[in-house]
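Look at the structure first, then read the points below.

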Amino acid sequence: MFNMYNRRYTGSKYKLMEWIRSLIIANCKGKTFFDVFAGTGVVTEYMLNDYEKYIVNDFLYSNEVIYKGFLLQEDYDIDKIMKIVETYNNINRTRLKENYVSINYGDKYFNRDDAKLIGKIREELKNINKKNIINNKEYYILLSSLLYSVDKIANTCGHYDAYRKINNIDSKFKYELILPKKLTKNQKVEIYREDSNELVKKIKTDIAFVDPPYNSRQYSRFYHVLENITTWKKPKLYGVALKPKEENMSEYCKSSASKVFKDLIDNLDTKYIVVTYNNNYNPKSTSSKNKITLEELKKILDEKGNTKVFNKPYKYFNAGKTELKNHKEYVFITKVEK
Ligand SMILES: C[S@@+](CC[C@H](N)C(=O)[O-])C[C@H]1O[C@@H](n2cnc3c(N)ncnc32)[C@H](O)[C@@H]1O
């Protein structure tokens, strides 16, 4: 069964969470935790015993479905879900007809028969949801389970900017379930799929955890296959990497990054702001160069209140598996005064 962290995701904070959590607990007080750029959701997942209310947001469709699968506190029938998973796993994929997933991604991101089964399951989920055979929560559990199962076997090095050029991709897809989180009666979760700069204007929180993209790599372009399987609108795809038309292009990945960051910080209604960033300014590839300098970040945060800065050397491998020298992760914690 998958946990939220069983996912390959650029910038996931999972491996740093012991350190990050200890800093937050030591320096911030409050009952509400707002994960402003939640990505995989692992930050919230790691802090689930610490607060009464969680607000989780990301503008990607697949991330929203994953938060709902794991975190939405609604009833579901686990026996029914397990039966559905078993039925789909027993489908003979070699006999299936071609479908949107196999035609576009077969022999590229997935083995062709696996791709046929993935497309078939996605279509079935749409149908059983429409016919109300499953409820809302069951649908999100089943769809996020499909996303985790797909991501586990994809023929990539972790993101979908390219697939590995190999001749015969082994058939290895298995539909496996996620393990939804059970919160206590006193805990609440709100899930959003909004532009963070808009959402912060509507939210009041005690702690805001801000982990924006650091460089020009657009998440919607990296995880387009998962986005496409989630939205299931079957658009025309382009180029070698088979991407759809651009959507959700983040300002944090452009030269406007400092400006949007300042706007976000200015509009946050919170007692504490926790920001994570790193010191990646002189990488080999310009696409991994940071968009905001640490000095700029500190200056923007200082305008809101006293800011402490913590850092930690971190052995970081970027998506291409190249090691970055002298890499450090930073955590800024601001106690808001104004
Ligand atoms: C560095 S990642 C966050 C990683 C996350 N903390 C984790 O541990 O998995 C940044 C996230 O911001 C999201 N994002 C980028 N621009 C956004 C925007 N304007 N509004 C909402 N989300 C955005 C991306 O989709 C991505 O998931």
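Predicted model: local features only at pLDDT ≥ 70, side-chain atom pairs only at ≥ 80, totals over all residues.

Residues are numbered from 1 along each chain as its sequence is written. Helices (H or I, at least four residues) are DSSP runs, numbered from the N terminus.

**Helix α6**
- Helix α6 spans residues 112–130, which is 19 residues.
- From first C-alpha to last, α6 reaches 27 Å, close to the expected 27 Å. The expected span is 1.5 Å times one less than the number of residues.
- Among the buried residues of α6 are Leu117, Ile118, Ile121 and Leu125. Buried means that 20 or more other C-beta atoms lie within 10 Å of the residue's own; exposed means 12 or fewer, partly exposed in between, with C-beta atoms placed from the backbone.
- Just after α6, Asn132 takes a positive phi of about 60 degrees.

**Helix α7 and its partner α4**
- Helix α7 (residues 136–153) has 18 residues, and 14 of them are buried.
- Helix α4 (residues 78–89) packs on α7 at about 40 degrees, with the axes 11 Å apart. Axes are lines fitted to C-alpha atoms, for helices over the stretch in contact, and angles run from 0 to 180 degrees between N-to-C directions.
- That angle makes α4 oblique to α7. Angles under 35 degrees count as roughly parallel, over 145 as roughly antiparallel, 65 to 115 as roughly perpendicular and the rest as oblique.
- Lys80, Ile81 and Ile84 of α4 meet Glu138, Ile141 and Leu142 of α7. Contact means C-beta atoms, placed from the backbone, within 7 Å.
- By class, this contact of α4 with α7 has four nonpolar, no polar and two charged residues. Ala, Val, Leu, Ile, Met, Phe, Trp, Tyr, Cys and Pro count as nonpolar, Asp, Glu, Lys and Arg as charged, and the others, Gly among them, as polar.

- Is Thr87 buried or exposed? Thr87 is exposed, because 12 other C-beta atoms lie within 10 Å.
- Thr87 and Leu142 are 55 residues apart along the chain, and their C-alpha atoms are separated by 13 Å.

**Helices α11 and α12**
- The axes of α11 (residues 257–267) and α12 (residues 294–302) come within 10 Å and cross at roughly 25 degrees.
- That makes α11 roughly parallel to α12.

Conventions: Helix = DSSP H or I, 4+ residues; strand = E, 2+ residues; numbered from the N terminus. Contact = placed C-beta atoms within 7 Å.
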